[in-house]
Amino acid sequence: MINDLWYKNAVVYCLSVATYMDANGDGIGDFKGLVRRLDYLQGLGVTAVWLMPFQPSPNRDDGYDVADYYGVDPRYGTLGDFVEFTQGCKQRGMRVLIDLVVNHTSDQHAWFKEACRDPQSKYRDWYVWSPKKPKNADTGMVFPGVQKTTWTWQKEARAYYFHRFYNFQPDLNTAHPDVQAEILKIMGFWLQLGVDGFRMDAVPFVIAKKGANLKRPAEQYDMLRSFTEFLTWRKSGAIILGEANVVPKTDMAYFGAAGERLQMMFNFDVNQHLFYAMASGDCAPLVKALHDTNPRPATAQWGLFLRNHDELDLGRLTEKQRQAVFTAFGPDKNMQLYNRGIRRRLAPMLQGDRRRLELAYSLMLTLPGTPVVRYGDEIGMGDDLDLPERNCARTPMQWSTEPQGGFTKSVKPILPVISEGAYGFEHLNVAAQRRDPNSLLNWMERMIRMRKELPEIGWGDFTILNTSTGAKTSLVLAMRYQWRNNAVVCIHNLAADPQEVRFSLPADDAPDSTLVNLLSDDHSRPEKGRRHCILLEAYGYRWFRVGGLDYLLKRSDT
Ligand code: MG
């Protein structure tokens, strides 16, 4: 089996230390608690863990306001505890990715304080200043409605400072050579402590030119190459997974023509069109997004996700498509955020419908890329819309029926554990689902195991198979992946009704090719030639390997 480029065929699990498991009973998750849950993650089949920020922070934006890049927030533990964690992951064959938030610091960071206090300080140039309020100060906010401007007066500094995000998150002047050198130093530090890569926050803003009254802030892509070069020198296999919600035509600029910039990016285009497909039953825009985002260097990979810690951003959809998704998944104003997205977790969006949840996860696991699972989604956790902004989908992990869902012994958890209704911890928790062979958790574990045995998806090329269902719109997505003379076919019915779907395998496949069902005994033999006819139930899905039954256990590399 190929071990290089591990991220091409990985399963990433993202979590926040603060809300995962509390070992010391102070109500806040910590590294000691997380270490106790590593066997759970390994059992689920996770091959890489991505941690949200855990560095010292005033926590006014869930840790995305870092006050010290070289430490662990004492609430979560110590650097020693962190190394125990990376070592524990290594022993279990899991890689570690950590959030790298270097577009901005906290306004409580010593660099910013020093920059404000002393105009002669070397840190003054590490931030972005203007003596007058720039004309475009009230544009380009990341959190419209909550955030009023991108330039704020700093009394002590007697100048305006630039902040793309909240006013307590001053932007770093990332074009400054000393700032860039510091970013490398930060990466080097964590690599030394056992990290395998970084999920880089807000990449387009990190590489954008910053300053007052810039008309078109050009991207400085070369910065990404220098980050990657440094990683390669320091640790073989270390990667950057970029958060860059950009239009597909700039994807290659971020990856680099020869893959010399980012190794991975999240596929926001596919994410948004996937939710549209699930809302409308129409796959055509999703197919377009799959084709638009297909070009990428052989060494690059997409991170394929459903939900993350932010709102479900729908900014890339047309107004009509966006309204369709709002209507289906977030009809109340209270479920929407910043006029562009939905702040709910996946399960309540899909009304807890097991068929639709399985369809969604099956798509996440089989669309081109490496799946990224958000903590709690493996058991179908819900949200708490009484909590402000994005906190509603960041509640503590539900482990058991014990008080506070087994997350903490404290009666005051950092965020309230969901305790009421169908998503309350008494009904929905890991312990109960572990005992139930038909639970979502055990289904997910089986699906992840099978997905890891399909390197065709991670490594291969895909084609969309022409299907006919008798319906006017394309309700069924049928994809065929090929890699090293093996092929896999994955079929998904987005519609609420059963569909009889017909399609032909391409001429590369043997004319008598049986489609071997990888999840049950329900194989499909061709009707005539390479033509198959499959009856899919409402929201049904199938994973097949192309070829005779002996292919069932055949691995692509043997
Ligand atoms: Mg604790």
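Residues are numbered from 1 along each chain as its sequence is written, and side-chain values use heavy atoms, with hydrogens and water left out. Because the model is predicted, local features need pLDDT of at least 70 and side-chain atom pairs count only at pLDDT 80 or more, while totals for chains, interfaces and linings use all residues.

Q: Why is Val-72 called buried?
A: Buried means under 20% relative accessible area, exposed means over 50%, and partly exposed lies in between (1.4 Å probe, protein chains only). Val-72 has a relative accessible area of 10%, so Val-72 is buried. Val-72 lies in the loop between strand E2 (48-51) and helix H3 (79-91); helices (H or I, at least four residues) and strands (E, at least two) are DSSP runs, numbered from the N terminus.

Q: What does Val-72 touch, not counting residues up to four places away in sequence?
A: Contact means heavy atoms within 4.5 Å. By that criterion Val-72 touches Phe-31, Phe-54, Gln-55, Pro-56, Gly-77, Thr-78, Leu-79, Phe-82 and Trp-190.

Q: What makes a set of residues a nonpolar core, and which residues have the most contacts inside the largest one?
A: A nonpolar core is a set of buried Ala, Val, Leu, Ile, Met, Phe, Trp, Tyr and Cys residues joined through side-chain atoms within 4.5 Å. The largest such core has 150 residues, and Tyr-13, Leu-51 and Phe-82 have the most contacts inside it. Apart from this core lies another, of 14 residues, among them Val-501, Leu-505, Leu-536 and Val-546. With residues up to four places away in sequence not counted, Phe-82 touches Leu-51, Val-72 and Trp-190, among others.

Q: Why is Pro-437 called exposed?
A: The relative accessible area of Pro-437 is 54%, and therefore Pro-437 counts as exposed. Pro-437 is placed in the loop between helix H14 (430-435) and helix H15 (440-452). Leaving aside neighbours within four places in sequence, Pro-437 is in contact with Asn-442 and Arg-446.

Q: How do you know whether Lys-210 is buried or exposed?
A: The value for Lys-210 is a relative accessible area of 17%, so Lys-210 is buried. Lys-210 is found in the loop between helix H6 (203-206) and helix H7 (222-234). Its contacts beyond four places in sequence include Asn-103, Asp-171 and Phe-205.

Q: Why does Arg-390 count as buried?
A: Arg-390 has 8% relative accessibility and therefore counts as buried. Arg-390 lies in the loop between strand E14 (370-374) and H14. Neighbours within four places in sequence aside, Arg-390 is in contact with residues including Asp-61, His-309, Asp-310 and Glu-311.

Q: Why is helix H9 called oblique to helix H11?
A: The axes of H9 (residues 268-280) and H11 (residues 319-329) come within 9 Å and cross at roughly 60°. That angle makes H9 oblique to H11, because angles under 35 degrees count as roughly parallel, over 145 as roughly antiparallel, 65 to 115 as roughly perpendicular and the rest as oblique. Axes are lines fitted to C-alpha atoms, for helices over the stretch in contact, and angles run from 0 to 180 degrees between N-to-C directions.

Q: Which residues of H9 and H11 meet?
A: His-273, Phe-275, Tyr-276, Met-278 and Ala-279 in H9 meet Gln-321, Ala-324, Val-325, Ala-328 and Phe-329 in H11.
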